[in-house]
Amino acid sequence: MRRGECSDSRDEAVVLGIETSCDETAAALVRGGVDVLASTVHSQTELHAEYGGVVPEIASRDHSARLLPLIDKTLSKGGITLDRVDCIAVTAGPGLIGALLVGVQAAKGLAAATSTPLVAVNHLEGHLAAILLEPDPPRPPFVGLVVSGGHTSIYRVDPGTPLRYALLGRTRDDAAGEAFDKVARLLGLPYPGGKAMEAVSIGGDSKAIEFPRGMRGRGLDLSFSGLKTSVRQYVQEYGVPSGPAMADLCASVQEAIVDSLVEKAISATGAVGLDRLVVSGGVAANKRLREKLARVGRDAGVTVRAPRMSLCTDNAAMIAAAGHVRFMAGETASWGLEPDPGWTLE
Ligand code: KG4
Ligand code: ZN
């Protein structure tokens, strides 16, 4: 079935995805779980930049002001009226409670007003489902690495409707994105730090400074707090460099984070005897991570797939894709749905 054709079958269901778990307000329309009719993301980066991180109260207020107009814009971009939407999928956790509440309340209101089924989506499942929006997505079982600002977790993903997840490893302290953000802040770089550090790293020598790779060779859990401390000590001793020395410092930090993620993710595939790896989440937009994972994966006989960059960072198309799978499985949420800020994926 091609875009623009009509069908009443559930397979071709049009899902409206809504995402407000952190600092992106997003809505998307996805047909048949694969065809993105429209995807709109409003990033609050500028609002939080002066604080060097997300301020929860500011995030919820901005979601409240922007979500409904953004949904309207998405519907008109997709050429779909609300009464043609078959299912509304909303991120119900994990995330900031106030931010999640805005999306969940809006989704419940729209669903109730139009008698449309509602599906609750786990944000991390959404990140993994982003790969379903790419051509020829890998079939489970595979290993899934979710690397975002709030999470760094490795899952075994098994077939089923919906898919089944088993946690293989996770960070013991900071998430990889959080490590980028905190180090960037120490270095006076703007929020979000991952993107800023990647830009400054260009041309830098990634071997200039040897930063720690937390928990190297010890199981599948990760740790980034030692790296953060080590950068703080470096800056206390030498100050924040500029020019090429700053590029060397950022490239060295980036390499330490990338090495940890690559080592653990590829080890995880070996540990469970799988040869497919999917990486997603905001940090998966990092070019160095994508390249090194692909190369080390190839050497280890592992096929590595990552969604296109715009689907790695927070968006609602991935929420609609994950919601479609659950809707097809006959799963719907009640009108009493409440967000769960600590919702784990298992
Ligand atoms: O998935 P995401 O958009 O939001 C959460 O669910 O947290 O991830 C945001 C995180 C931030 O920590 C940001 O610094 C990081 O992803 N990030 C990057 C890049 N783009 C975003 N980290 C490294 N390199 C990038 N290009
Ligand atoms: Zn995310």
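This is a predicted model: local features need pLDDT of at least 70, side-chain atom pairs count only at pLDDT 80 or more; totals for chains, interfaces and linings use all residues.
## A tour from the domain interface to the zinc site

Stop 1: Colour residues 10–130 plus 312–328 as domain 1, and 139–306 as domain 2. Their C-alpha centres sit 26 Å apart. Now select the contact, which takes 18 residues from domain 1 and 20 residues from domain 2. Together the domains bury about 1,600 Å² between them, and 70% of that is on carbon and sulfur atoms. Which residues of domain 1 lose the most area to domain 2? Pick Leu124, Leu128 and Cys312: together they make up 40% of what that side buries.

What about polar contacts? Five residue pairs make them across this interface. On the domain 1 side, the elements giving two or more residues are helix H1 (45–49), H4 and H11. The largest share, four residues, comes from H4.

**Stop 2: the zinc ion.** Select ligand 2, the zinc ion, and show His123, His127 and Asp314: these coordinate the zinc through NE2, NE2 and OD, at 2.0 to 2.1 Å. Along the chain, the donors follow the spacing H-x3-H-x186-D. His127 is in helix H4 (residues 123–129), while Asp314 is in the loop between helix H10 (309–312) and helix H11 (317–328), so this pair ties together parts 187 residues apart in sequence. Are these two buried or exposed? His127 is buried, at 0% relative accessible area, and Asp314 counts as buried too, at 13%.

**Stop 3: two cis peptide bonds.** A bit of background: most peptide bonds are trans, and most residues other than glycine have a negative phi. Zoom to Gly93 and Pro94, which are joined by a cis bond with omega about -10°. Pro94 sits in the loop between strand E4 (87–93) and helix H3 (97–114). Then jump to Thr161 and Pro162, where the bond is cis with omega near 0°. You'll find Pro162 in the loop between strand E7 (152–158) and strand E8 (164–170).

**Stop 4: two positive phi angles.** Select Ser115, in the loop between H3 and strand E5 (118–122). Ser115 isn't a glycine, yet its phi is positive, near 50°. Show the surface here: Ser115 is exposed, with 64% relative accessible area.

Finish at Met215, in the loop between helix H6 (193–201) and helix H7 (225–238). The phi of Met215 is positive as well, near 55°, but Met215 is buried, at 10% relative accessible area.

Terms used
Residues are numbered from 1 along each chain as its sequence is written. Chains are lettered from A and ligands numbered from 1 in the order in which they are written. Side-chain values use heavy atoms; hydrogens and water are left out. Donors are N, O and S atoms within 2.8 Å of the metal (3.2 Å for Na, K and Ca); water is not among the atoms, so sites may look incomplete. Buried means under 20% relative accessible area, exposed over 50%, partly exposed in between (1.4 Å probe, protein chains only). Domain bounds come from an automatic or database domain assignment. Contact means heavy atoms within 4.5 Å. Buried area is the accessible area (1.4 Å probe) that two parts lose on being put together, summed over both. A polar contact is a pair of N or O atoms within 3.5 Å; within protein, one must be able to donate a hydrogen and the other to accept it, and residues adjacent in sequence count only if both atoms are side-chain atoms.
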